[in-house]
Structures are given as structure tokens and as C-alpha cells.
Amino acid sequence: MTHKKIPADQRERIALDMQARYYAGSSIRGLRDHTGYSYGTVHSLLLSVGTTLRGRGGRKGVKPNRKKA
């Protein structure tokens, strides 16, 4: 993967745009694919603007509903 340099004067604007998309439901991987930045770069940008990140994976400890016979 080629690394894309983020101009300093655009860094916050890009990070805030990613934050809005993340809060609207996009995943970090989805943002990575959309922007072409690495997962680590997207993660760092989100944190740089104070984004509260969701937990990893789906719901834990919840068993799927099963039909009763």
C-alpha cells in the first residue's frame, strides 16, 4: 500500500470528516477503503480529534435466538 501524505493544513478537516462518517456508522476499515489511507492513519486521525471509538467486534456474550422444537 502506498502511503499518502496529509498536508498539515488539511489534517484537521480530513479528520473531522472521517469522524462524522465514523459516527454515522462507517467502520475504520470502511474509512480506510474510502480514503486510501492506512488503518493506522485513519485510527490516529480519529483519535486526534477526540473521537470515541466503538468496541471491537459484535455483541459479546449474547447467544443467538434458537427456535424451540
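**View 1. The largest nonpolar core.** Eleven residues make up this core: Ile-6, Ile-14, Ala-15, Met-18, Tyr-22, Ile-28, Leu-31, Tyr-37, Val-42, Leu-45 and Leu-46. A nonpolar core here is a set of buried Ala, Val, Leu, Ile, Met, Phe, Trp, Tyr and Cys residues joined through side-chain atoms within 4.5 Å. Buried means under 20% relative accessible area, exposed means over 50%, and partly exposed lies in between (1.4 Å probe, protein chains only). At least two core residues come from each of helix 1 (11-23), helix 2 (28-35) and helix 3 (39-48). Helix 1 gives the largest share, four residues.

This is a predicted model, in which local features need pLDDT of at least 70 and side-chain atom pairs count only at pLDDT 80 or more, while totals for chains, interfaces and linings use all residues. Residues are numbered from 1 along each chain as its sequence is written, and side-chain values use heavy atoms, with hydrogens and water left out.

View 2. Reading from the N terminus, the elements go α-α-α. Helices (H or I, at least four residues) and strands (E, at least two) are DSSP runs, numbered from the N terminus. Of the 69 residues in the protein, 22% are buried. Take the contacts between residues at least 6 apart in sequence: 61% of them join residues at least 24 apart. Contact means heavy atoms within 4.5 Å.

**View 3. Where helix 1 meets helix 2.** The two axes come within 10 Å and cross at roughly 135°. Axes are lines fitted to C-alpha atoms, for helices over the stretch in contact, and angles run from 0 to 180 degrees between N-to-C directions. That angle makes helix 1 oblique to helix 2. For the wording, angles under 35 degrees count as roughly parallel, over 145 as roughly antiparallel, 65 to 115 as roughly perpendicular, and the rest as oblique. Helix 1 passes helix 2 in a right-handed crossing; a crossing is right-handed if the near helix is turned clockwise from the far one by less than a right angle, and left-handed if anticlockwise. On the helix 1 side, look for Met-18, Arg-21 and Tyr-22; helix 2 brings Ile-28, Leu-31, His-34 and Thr-35. Sorted by class, that's four nonpolar, two polar and one charged residues. Ala, Val, Leu, Ile, Met, Phe, Trp, Tyr, Cys and Pro count as nonpolar, Asp, Glu, Lys and Arg as charged, and the others, Gly among them, as polar.

**View 4. Helix 2 packed on helix 3.** Here the axes are 9 Å apart and the angle is about 110°, which makes helix 2 roughly perpendicular to helix 3. Helix 2 passes helix 3 in a right-handed crossing. Ile-28, Arg-29, Leu-31, Arg-32 and Thr-35 of helix 2 meet Tyr-39, Val-42, His-43 and Leu-46 of helix 3. This contact has five nonpolar, two polar and two charged residues.

**View 5. Helix 1 against helix 3.** Their axes come within 8 Å and cross at roughly 95°, so helix 1 is roughly perpendicular to helix 3. Helix 1 puts in Arg-11, Ile-14, Ala-15, Met-18, Gln-19 and Tyr-22, and helix 3 puts in Val-42, Leu-45, Leu-46 and Ser-48. The tally by class is seven nonpolar, two polar and one charged residues.

**View 6. A look at Leu-47 in helix 3.** Leu-47 counts as partly exposed because its relative accessibility is 45%. Leu-47 and Gln-19 sit 28 residues apart in sequence, and their C-alpha atoms are 9.0 Å apart in space.
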